[in-house]
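These are my notebook entries on a single structure. I looked up helix faces, the core, charged pairs and a few surface details.

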Amino acid sequence: DVIMTTCVGAASRLLKGVVFDVVVVDEAAQALEAACWIPILKGRRCVLAGDHLQLPPVVVTPGDGGLNVTLFERAMSAVGGLMLREQFRMHSKICGWASEAMYGGGLITACDDGDREKEGLPTLVLVDTKGCGMGEAK
């Protein structure tokens, strides 16, 4: 059987006393460590899946108290991990940019670019918004 839930949802009374053979925490690089421990403690083994080079967790606490460092990041630093080198979502131009900018050229695409092109629209446009006064309002 497979049970899917959020990290915090794993604390549901419906799962009280349940022990899983394997717990998979998807997007673990975006999840706060405290939340990750809820499902992890319910499993015999754990897989953390995510990408610490992409979006970090959203932490709005002043000074963040170290919450912006995820369990995934700490695990990558301590024991390393496995990078999947082939992706199936992005157009090759977008993948090429991401590959060079974040992965040292190690990411390749398995997509057919024709499936991802829209006539009259550019595939990739980078816009520098620094100094444009586009700060977020509270």
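**Entry 1: helix 3.** I looked up the buried residues of helix 3 (residues 92–102) and found C95, A98 and S99. I took buried as under 20% relative accessible area, exposed as over 50% and partly exposed as in between, with a 1.4 Å probe and protein chains only. Helices (H or I, at least four residues) and strands (E, at least two) are DSSP runs, numbered from the N terminus. On the face turned away from the buried side of helix 3, I found the exposed residues K93 and E100. The cover over the buried residues of helix 3 includes strand 3 (86–87) and strand 4 (108–109). After helix 3 comes G104, with a positive phi near 60°.

**Entry 2: basis of the values.** I record that this is a predicted model, in which local features need pLDDT of at least 70 and side-chain atom pairs count only at pLDDT 80 or more, while totals for chains, interfaces and linings use all residues. Residues are numbered from 1 along each chain as its sequence is written, and side-chain values use heavy atoms, with hydrogens and water left out.

**Entry 3: helix 1.** Which residues of helix 1 are buried? I listed E33, A35, C36, P39 and I40. They cover an arc of only 155° around the axis, which puts them on the same side of helix 1. I found these buried residues packed against strand 1, strand 2 and helix 2, with contact meaning heavy atoms within 4.5 Å.

**Entry 4: core.** I looked up the largest nonpolar core and counted 11 residues in all, among them C7, V23, I40 and F72. Such a core is a set of buried Ala, Val, Leu, Ile, Met, Phe, Trp, Tyr and Cys residues joined through side-chain atoms within 4.5 Å. At least two residues of this core come from each of strand 1 (20–25), helix 1 (33–40) and helix 2 (71–79). Helix 1 gives the largest share, 3 residues. I then checked C36: leaving aside neighbours within four places in sequence, C36 touches C7, V25, A31 and L71.

**Entry 5: salt bridges.** I found 2 salt bridges in the structure, each defined by a side-chain nitrogen of Lys or Arg within 4 Å of a carboxyl oxygen of Asp or Glu. In one, R44 meets D21 at 2.6 Å, N to O. R44 lies in strand 2 (residues 43–48) and D21 in strand 1, so the pair ties together parts 23 residues apart in sequence. R44 is exposed at 59% relative accessible area, whereas D21 is partly exposed at 49%. R74 forms a salt bridge with E33, with 2.7 Å between the closest N and O atoms. Because R74 lies in helix 2 and E33 in helix 1, this pair ties together parts 41 residues apart in sequence. I noted R74 as partly exposed, with a relative accessible area of 42%.

**Entry 6: E27.** Where is E27 found? I located E27 in the loop between strand 1 and helix 1. Its phi is positive, near 55°, in a residue other than glycine. E27 is partly exposed, with a relative accessible area of 43%.

Terms used. Arc of directions from axis to C-beta.
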